[in-house]
Amino acid sequence: MSDFDGMLAFANARIDEEEQAALAARQGGGDGQWTARIFDGGCAPTWQVDGKSCGLVCDVGDPIEHRAGSYAAHIARQDPAATLARVAALRALVAILVEAADLDPGCDLVDSLARQALGRLVASWRIGPDGRRHPDWREEWAS
């Protein structure tokens, strides 16, 4: 398997995982709009899923208090609908890269540009959801 094919398989698997997680969140009752609500009167940042509030718990003065609002805003951006829109965009981008690479297989410039673009995309998944290097990541893709 070529580097390009390996990166392509890795990208498609990560995109599939993103889609599956978003669909699971929808099935769990999270198919409405996710929004973030930050309260100024202490550490009570929340996000809402279908009108139900979720939140981060911390004590006033806790170091997380200063970052909790950012966490809630980030979590709200993971709205399943927004994630599924990103999944569609990523699939379209990957298809364009594959098409570009296939246009003129002997053209080193096109192959190089397609490989570089795909390499930058897959590098975004180098670290898995658990904070560790993804087990399917190959270090040679970084170059």
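Q: What is the volume of the largest pocket?
A: This is a predicted model, where local features need pLDDT of at least 70, side-chain atom pairs count only at pLDDT 80 or more, and totals for chains, interfaces and linings use all residues. Numbering runs from 1 along each chain as its sequence is written, and side-chain values use heavy atoms, without hydrogens or water. A pocket here is an open set of points on a 1 Å grid over the protein atoms alone where a 1.4 Å probe fits, with protein on both sides within 12 Å along at least five of seven lines. Filling the points with probe spheres, the largest pocket comes to about 440 Å³.

Q: Which element gives the largest share of the lining of the largest pocket?
A: The lining (residues with an atom within 4 Å of a point) has 19 residues, with E18, A21, Q78, W125 and P129 nearest the pocket's centre. Two elements give two or more residues to it, α1 and α3. The largest share, 6 residues, comes from α1.

Q: How far does helix α1 reach from its first C-alpha to its last?
A: Helix α1 (a DSSP run of H or I, at least four residues) covers residues 3–27, which makes 25 residues. At 1.5 Å a residue, the expected span is close to what the model shows. So the C-alpha to C-alpha reach is 36 Å.

Q: Which helices do the buried residues of α1 pack against?
A: Buried means under 20% relative accessible area with a 1.4 Å probe, protein chains only. In α1 that goes for F4, G6, M7, L8, F10, A11, R14, I15 and A22. Their packing partners are α3 (80–103) and α4 (108–123).

Q: Why does A22 count as buried?
A: A22 sits in helix α1 and touches P80, T83 and L84 (heavy atoms within 4.5 Å), leaving out residues up to four places away in sequence. P80 is 58 residues away along the chain, yet the two C-alpha atoms are separated by 4.5 Å. A22 counts as buried because its relative accessibility is 5%.

Conventions:
Buried < 20%, exposed > 50% of the residue type's maximum accessible area, 1.4 Å probe, protein only.
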